[in-house]
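This briefing concerns the nonpolar cores and the salt bridges of the structure shown below.

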Amino acid sequence: MSLQTAGSNTRIHEYELISKEMESAKRIIICGDFNALLDASTEWSGSSTRNDKPFVDWTIRHNLQDPWKTLNPHSLGATRRRHTKSGFTWSRIDRFLCSRDLHAWFKKLKTVYSALSDHSAILAH
(Lines give C-alpha, C1' and ligand atoms only; values in the text may rest on other atoms or scores of the structure.)
Protein backbone atom coordinates (compact mmCIF):
# COMPACT_ATOMS: atom_id res chain seq x y z
CA MET A 1 0.00 0.00 0.00
CA SER A 2 1.22 3.47 -0.70
CA LEU A 3 -0.50 6.59 0.52
CA GLN A 4 1.45 8.97 -1.67
CA THR A 5 -1.39 11.40 -2.04
CA ALA A 6 -1.16 15.11 -1.49
CA GLY A 7 -3.19 17.04 1.01
CA SER A 8 -4.70 16.15 4.34
CA ASN A 9 -8.24 15.63 3.02
CA THR A 10 -7.05 13.18 0.36
CA ARG A 11 -5.08 11.23 2.95
CA ILE A 12 -8.05 11.07 5.29
CA HIS A 13 -10.11 9.67 2.40
CA GLU A 14 -7.40 7.06 1.72
CA TYR A 15 -7.35 6.05 5.40
CA GLU A 16 -11.14 5.65 5.34
CA LEU A 17 -10.96 3.40 2.26
CA ILE A 18 -8.45 1.18 4.04
CA SER A 19 -10.60 1.24 7.19
CA LYS A 20 -13.51 -0.23 5.24
CA GLU A 21 -11.30 -3.10 4.10
CA MET A 22 -10.22 -3.68 7.71
CA GLU A 23 -13.73 -3.73 9.24
CA SER A 24 -14.21 -7.49 9.10
CA ALA A 25 -10.61 -8.37 10.01
CA LYS A 26 -9.88 -9.52 13.54
CA ARG A 27 -6.12 -9.46 13.08
CA ILE A 28 -4.28 -7.01 10.87
CA ILE A 29 -0.77 -6.59 9.58
CA ILE A 30 -0.48 -3.64 7.25
CA CYS A 31 2.78 -2.43 5.79
CA GLY A 32 3.92 0.05 3.22
CA ASP A 33 4.93 3.58 2.45
CA PHE A 34 2.52 5.67 4.52
CA ASN A 35 4.28 8.99 3.82
CA ALA A 36 3.49 9.93 7.39
CA LEU A 37 5.19 10.00 10.78
CA LEU A 38 3.79 8.79 14.08
CA ASP A 39 6.24 10.97 16.01
CA ALA A 40 8.19 13.66 14.10
CA SER A 41 10.56 14.14 17.04
CA THR A 42 11.89 10.58 16.76
CA GLU A 43 11.23 9.69 13.11
CA TRP A 44 12.65 12.68 11.25
CA SER A 45 16.23 13.91 11.05
CA GLY A 46 15.36 17.43 9.89
CA SER A 47 13.19 20.21 11.23
CA SER A 48 9.59 19.72 10.33
CA THR A 49 6.20 21.36 10.57
CA ARG A 50 4.50 18.24 9.27
CA ASN A 51 0.89 17.59 10.16
CA ASP A 52 0.48 13.83 10.34
CA LYS A 53 -2.34 13.94 12.89
CA PRO A 54 -4.83 12.16 10.56
CA PHE A 55 -2.40 9.21 10.33
CA VAL A 56 -1.77 9.17 14.08
CA ASP A 57 -5.53 9.34 14.79
CA TRP A 58 -6.17 6.53 12.29
CA THR A 59 -3.64 4.21 13.96
CA ILE A 60 -5.13 4.95 17.38
CA ARG A 61 -8.70 4.40 16.19
CA HIS A 62 -7.80 0.97 14.79
CA ASN A 63 -5.53 0.12 17.72
CA LEU A 64 -2.61 -0.45 15.36
CA GLN A 65 0.77 -0.95 16.98
CA ASP A 66 4.21 -0.16 15.64
CA PRO A 67 6.49 -3.09 16.51
CA TRP A 68 9.61 -1.22 15.33
CA LYS A 69 9.24 1.28 18.17
CA THR A 70 8.94 -1.50 20.74
CA LEU A 71 11.95 -3.40 19.43
CA ASN A 72 14.08 -0.32 18.65
CA PRO A 73 12.95 2.45 21.00
CA HIS A 74 16.08 4.60 20.59
CA SER A 75 16.68 4.15 16.86
CA LEU A 76 15.40 6.39 14.08
CA GLY A 77 15.06 3.35 11.84
CA ALA A 78 15.07 5.59 8.80
CA THR A 79 13.51 4.09 5.70
CA ARG A 80 13.72 7.10 3.39
CA ARG A 81 16.52 9.47 2.56
CA ARG A 82 16.07 12.73 0.73
CA HIS A 83 18.77 14.94 -0.68
CA THR A 84 18.42 18.61 0.27
CA LYS A 85 20.62 21.69 -0.20
CA SER A 86 22.14 21.12 3.22
CA GLY A 87 22.70 17.36 2.84
CA PHE A 88 20.38 14.46 3.48
CA THR A 89 17.33 14.16 5.68
CA TRP A 90 16.16 10.79 6.94
CA SER A 91 12.68 9.72 7.95
CA ARG A 92 10.74 6.61 8.85
CA ILE A 93 7.63 6.72 6.67
CA ASP A 94 7.66 3.05 5.64
CA ARG A 95 6.48 0.71 8.36
CA PHE A 96 4.71 -2.39 9.58
CA LEU A 97 1.61 -1.79 11.69
CA CYS A 98 -0.31 -4.57 13.35
CA SER A 99 -3.12 -5.43 15.71
CA ARG A 100 -2.11 -5.42 19.36
CA ASP A 101 -2.40 -9.23 19.64
CA LEU A 102 0.04 -9.72 16.74
CA HIS A 103 2.62 -7.32 18.11
CA ALA A 104 4.54 -10.08 19.92
CA TRP A 105 4.97 -12.05 16.67
CA PHE A 106 7.62 -9.58 15.53
CA LYS A 107 10.95 -10.64 17.02
CA LYS A 108 13.19 -8.44 14.91
CA LEU A 109 12.68 -5.68 12.35
CA LYS A 110 15.62 -4.45 10.32
CA THR A 111 15.96 -1.79 7.65
CA VAL A 112 17.94 -2.82 4.58
CA TYR A 113 19.56 0.00 2.61
CA SER A 114 19.13 -0.02 -1.18
CA ALA A 115 21.21 1.97 -3.64
CA LEU A 116 18.40 1.54 -6.19
CA SER A 117 15.76 3.51 -4.29
CA ASP A 118 15.40 6.40 -1.88
CA HIS A 119 13.53 3.97 0.40
CA SER A 120 14.98 1.12 2.44
CA ALA A 121 13.27 -2.22 2.71
CA ILE A 122 12.06 -3.49 6.08
CA LEU A 123 12.83 -7.08 6.93
CA ALA A 124 10.59 -8.68 9.56
CA HIS A 125 11.50 -11.79 11.56
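A nonpolar core is here a set of buried Ala, Val, Leu, Ile, Met, Phe, Trp, Tyr and Cys residues joined through side-chain atoms within 4.5 Å. In this predicted model, the largest such core has eleven residues. The structure also holds eight salt bridges.

**Nonpolar cores**

- The largest core is made up of Y15, I18, M22, I28, I30, F34, A36, F55, W58, L64 and L97.
- Two or more residues of this core come from each of the elements α1 (8-22) and α3 (53-61), and α1 gives the most, with three residues.
- Beyond its neighbours within four places in sequence, L97 is in contact with residues including I28, I30, F34, F55, W58 and L64.
- A second, separate core has six residues, among them W68, C98, L102 and L109.

**Salt bridges**

- R27 pairs with D101 in a salt bridge whose closest N and O atoms are 2.9 Å apart. R27 lies in the loop between α1 and β1 (29-33) and D101 in the loop between β5 (94-99) and β6 (109-112), so the pair ties together parts 74 residues apart in sequence.
- E43 forms a salt bridge with R95, with the closest N and O atoms 2.9 Å apart. Because E43 lies in helix α2 and R95 in strand β5, this pair ties together parts 52 residues apart in sequence. E43 is buried, at 1% relative accessible area, and R95 is buried, at 1%.
- D118 forms a salt bridge with R80, the closest N and O atoms being 3.5 Å apart. D118 is partly exposed, at 32% relative accessible area, and R80 is partly exposed, at 22%.
- Salt bridges with shared partners join E43, D66, R92 and R95 into one network.

How values were computed. Residues are numbered from 1 along each chain as its sequence is written. This is a predicted model: local features need pLDDT of at least 70, side-chain atom pairs count only at pLDDT 80 or more; totals for chains, interfaces and linings use all residues. Side-chain values use heavy atoms; hydrogens and water are left out. Buried means under 20% relative accessible area, exposed over 50%, partly exposed in between (1.4 Å probe, protein chains only). Helices (H or I, at least four residues) and strands (E, at least two) are DSSP runs, numbered from the N terminus. Contact means heavy atoms within 4.5 Å. A salt bridge is a side-chain nitrogen of Lys or Arg within 4 Å of a carboxyl oxygen of Asp or Glu.
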